[in-house]
Amino acid sequence: MKINTALCIAGTILLNIAGSLCQLDVCGQAPLNNKIVGGEDAKAGFWPWQVSIHTRPFGSHFCGGSLINKDWVLSAAHCFQDYGASDIVMYFGRWRQSGSNPNETYRTASRVIMHPDYDNPKFSNDIALVQLSSSVNFTYYIKPVCLAAAGSVFAGGAESWVTGWGTLQPGGQASVILQEIMLPIVSNSACYNAYGGGITSEMICAGFLNVEGKSSCQGDSGGPMVRSNSSRWIQSGIVSFGAQRCDDPRYPSVFARVSQFQNWIKSYMGSNPPGFVAFNSSGLRSSLNLLLFPISLTFSIIPFTFSLYISS
């Protein structure tokens, strides 16, 4: 009995390790994104984790999201205040909102999980998880993004990228082609001062203060803000809110800070958690790799019996 119990425990550990390491092997890689140009149309396949969220059966795009593993999408809680899982369809590999998308697939939602502490209208804890009705297959055009791990630090001025099909100007029409824009991180203290309060540690801000027309806008909500470390892309934020006029140069865009929600996200992922990567001012490192490599090395000498658990 004790041996069987030990085998089960060790097998479970190995299964979790295998899933975590496997996710880090694929997350944040955009093989088609070999040239970045900002503030204009993105190229097809540049941002393979970008998700377009629509209402069923034939509704239009209303929010963005990011693919974080084969079964889950990360988005903003405020996107789902009026919608349940039965109302949602998600498009992956999409580049344009009209016309042909030959690299596209779609899934309905089986579950929508809003953070239990989401506060409207303060937008605190503005994060949600959407479970797909069935898994997606990864391609050059459909890949998961890495997520910023707990304790990650994004210094003011750090260049980040925001993508979405939001309006190109306040009150205007939604963009047909996926848009990309580079926005520098704004410190929480400067962001707090700009808004006169309301900015918490669960938020991260970005934008060009005193530069008009460069920000996220209506329809971008729920989409990702990402940062590159040259080899992979890491999501630091989820588009949450901004000024009433999104081109108002006095106010940066505000995002849910992904690194603050690592434990909450992982609690729903089971044996296939997203790839969490720690980012700080001295560089990047994979917290999972550093933690799991010596463990996986130790268990690599366990007899072949355990391979049954890994492959199951």
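Mentor: Start with Cys-191. Its relative accessible area is 0%, so Cys-191 is buried. Keep in mind that this is a predicted model. The cut-off for buried is under 20% relative accessible area. Cys-205 also counts as buried, with relative accessibility at 0%.

These two cysteines belong together. A disulfide joins Cys-191 to Cys-205, with 2.1 Å from S to S. The torsion about the S-S bond is -80°, and the link is left-handed. Cys-191 sits in helix 2 (residues 188-195) and Cys-205 in strand 11 (residues 203-206), so the pair ties together parts that are 14 residues apart in sequence.

That is one of 3 disulfides in the structure. A disulfide is a covalent bond between the sulfur atoms of two cysteines.

Take Cys-27 and Cys-146 next. A disulfide joins them, at 2.0 Å from S to S. The torsion about this S-S bond is about 85°, so the disulfide is right-handed. Cys-27 lies in the loop between helix 1 (2-26) and strand 1 (40-41), while Cys-146 lies in strand 8 (residues 146-148), so parts 119 residues apart in sequence are tied together. Both Cys-27 and Cys-146 are buried.

Now Cys-63 and Cys-79. They too are joined by a disulfide, with 2.0 Å from S to S. Here the angle about the S-S bond is -85°, which makes the link left-handed. The pair links distant parts of the chain, 16 residues apart. Cys-63 is in strand 3 (residues 61-69). Cys-79 is in the loop between strand 4 (72-75) and strand 5 (88-92). Cys-63 is buried, and Cys-79 is buried as well.

Cys-63 brings us to strand 3. How many residues of strand 3 are buried? The count is 9 of the 9, so strand 3 is largely enclosed by the rest of the structure.

Look at the neighbours of strand 3. On one side comes strand 2, residues 50-55. Strand 2 and strand 3 run antiparallel, joined by 5 bridges. Val-51 stands opposite Gly-65 of strand 3. Strands 2 and 3 form a hairpin, and 5 residues lie between them.

Strand 4 is another partner. Strand 3 pairs with strand 4 in the antiparallel sense over 3 bridges. Asn-69 faces Trp-72, a residue of strand 4, as its opposite. Strand 3 and strand 4 also make a hairpin, with 2 residues between them.

What do these strands build? They belong to a barrel of 6 strands, closed in the order 2-3-4-7-6-5, with antiparallel pairing. On average, neighbouring strands of this sheet are turned by 40° against each other, direction ignored. Now go back to strand 2. Strand 2 pairs with strand 5 in the antiparallel sense over 5 bridges.

Ser-134 lies in the loop between strand 7 (128-132) and strand 8. Ser-134 has a relative accessible area of 35%, so it is partly exposed. Its C-alpha is 6.7 Å from that of Asp-71, although Ser-134 and Asp-71 are 63 residues apart in sequence.

Rolling a probe the size of a water molecule over the atoms shows where empty space is left. A search of the whole structure finds 2 cavities of 30 Å³ or more. Look at the second largest cavity, which holds about 30 Å³ of space. Its lining includes Phe-123, Ser-124, Asn-125 and Asp-126. Glu-202, Met-203, Ser-240 and Phe-241 are also among the lining residues, as are Val-254, Phe-255 and Ala-256.

Which strands supply at least two residues each of that lining? They are strand 13 (233-241) and strand 14 (253-257). Strand 14 gives the largest share, 3 residues. By type, the lining of the second largest cavity divides into 6 nonpolar, 3 polar and 2 charged residues.

Methods
Residues are numbered from 1 along each chain as its sequence is written. This is a predicted model: local features need pLDDT of at least 70, side-chain atom pairs count only at pLDDT 80 or more; totals for chains, interfaces and linings use all residues. Side-chain values use heavy atoms; hydrogens and water are left out. A disulfide is a pair of cysteine sulfur atoms within 2.5 Å. Helices (H or I, at least four residues) and strands (E, at least two) are DSSP runs, numbered from the N terminus. Buried means under 20% relative accessible area, exposed over 50%, partly exposed in between (1.4 Å probe, protein chains only). Two strands pair if DSSP finds at least two bridges between them. Axes are lines fitted to C-alpha atoms, for helices over the stretch in contact, and angles run from 0 to 180 degrees between N-to-C directions. On a 1 Å grid over the protein atoms alone, a cavity is a set of points where a 1.4 Å probe fits but cannot get out, and a pocket is an open set with protein on both sides within 12 Å along at least five of seven lines; lining residues have an atom within 4 Å of a point. Grid points are joined across faces, edges and corners, and a volume is the space filled by probe spheres set on the points. Ala, Val, Leu, Ile, Met, Phe, Trp, Tyr, Cys and Pro count as nonpolar, Asp, Glu, Lys and Arg as charged, and the others, Gly among them, as polar.
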